[in-house]
Amino acid sequence: MTETREKIAAGLERAFAAQGFAEPSVDDLRDSAGVSLRTLYKYMPSRGDMVIAALEHRHRRYLSHVLDGLPGDPRAARSTLIDRVAEWMGQEAAHGCLFHSAVAADPGNPALRALLERHKQEVADRAGVLTHLAGQQVALLLILEGLTQSWPLYGDQAVTAAKGLISVLATENP
């Protein structure tokens, strides 16, 4: 990805995260991207392209933040994973998952649904390997998604519950 495209995608991600997918005008998106309208359309010719670019950028940032450098010890990796998801929620996603929001805003868009599925599958697959819960990706994803959805309401209680559930999963699947 070129530096300009990356800069645009980062700005678009910020705009969509702050304002949703329907509200920001093209001028708002251009301002958030920090480029001219001509440059914005050169790199992303449609609003759909802008949404996809923003979500792809978000995907890479989320994977890096949540999964990169987890401890080698499985128990520590599981606890750190939950802490990092909670940290992400506090810093980046207090209103829930941006991928789910995008699909909710345009439910008939197969590209958005495919991106949502790819994002969730990659999170589950990598987290399964890093936490020594490979083969339990669906259960692990259910715990992570539950934390993401319940964090805005319950905060630290949701984190504690997610840690308890991941411990039970690890105990049942040594």
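Tutor: Contact means that heavy atoms lie within 4.5 Å. The model discussed here is predicted.

Student: Which residues does Gln137 touch, not counting residues up to four places away in sequence?

Tutor: Gln137 lies in helix α8. With residues up to four places away in sequence left out, the residues that Gln137 touches are Ala124 and Asp125.

Student: How far apart in space are Gln137 and Ala124, C-alpha to C-alpha?

Tutor: Gln137 of α8 and Ala124 of α7 both belong to the contact of these helices. In sequence the two residues are 13 residues apart. In space, C-alpha to C-alpha, the separation of Gln137 and Ala124 is 5.0 Å.

Student: Is the crossing of α7 and α8 left-handed or right-handed?

Tutor: On the α7 side, the residues that meet α8 include Lys120, Val123 and Gly128, and on the α8 side they include Leu140, Leu144 and Glu145. The crossing of the two helices is right-handed.

Student: How many charged residues does the contact of α7 with α8 have?

Tutor: Among the residues that meet here are Ala127 in α7 and Leu141 in α8. By class, the contact of α7 with α8 has six nonpolar residues and two polar ones. The number of charged residues is three.

Student: How many charged residues are in the contact of α4 with α5?

Tutor: The contact includes Arg58 and Arg61 of α4, together with Arg84, Glu87 and Glu92 of α5. Six of the residues in the contact of α4 with α5 are nonpolar and two are polar, while the number that are charged is five.

Student: Which helix gives the largest share of the lining of the largest cavity?

Tutor: A search of the whole structure finds one cavity of 30 Å³ or more. Of the 16 residues that line the largest cavity, the closest to its centre are Tyr62, Trp88, Cys97, His119 and Lys120. Two or more lining residues come from each of α4, α5, α6, α7 and α8. The largest share, four residues, comes from α8.

Student: What is the volume of the largest cavity?

Tutor: By class, the lining of the largest cavity has 10 nonpolar, three polar and three charged residues. The space that lies in this cavity is about 140 Å³.

Student: What volume does the largest pocket have?

Tutor: Helices α1 (3-19), α5 (74-92) and α6 (98-105) each supply at least two residues of the lining of the largest pocket, and the largest share, four residues, comes from α5. By class, this lining has eight nonpolar, six polar and two charged residues. The volume of the largest pocket is about 180 Å³.

Note on methods:
Residues are numbered from 1 along each chain as its sequence is written. This is a predicted model: local features need pLDDT of at least 70, side-chain atom pairs count only at pLDDT 80 or more; totals for chains, interfaces and linings use all residues. Side-chain values use heavy atoms; hydrogens and water are left out. A crossing is left-handed if the near helix is turned anticlockwise from the far one by less than a right angle, and right-handed if clockwise. Ala, Val, Leu, Ile, Met, Phe, Trp, Tyr, Cys and Pro count as nonpolar, Asp, Glu, Lys and Arg as charged, and the others, Gly among them, as polar. On a 1 Å grid over the protein atoms alone, a cavity is a set of points where a 1.4 Å probe fits but cannot get out, and a pocket is an open set with protein on both sides within 12 Å along at least five of seven lines; lining residues have an atom within 4 Å of a point. Grid points are joined across faces, edges and corners, and a volume is the space filled by probe spheres set on the points.
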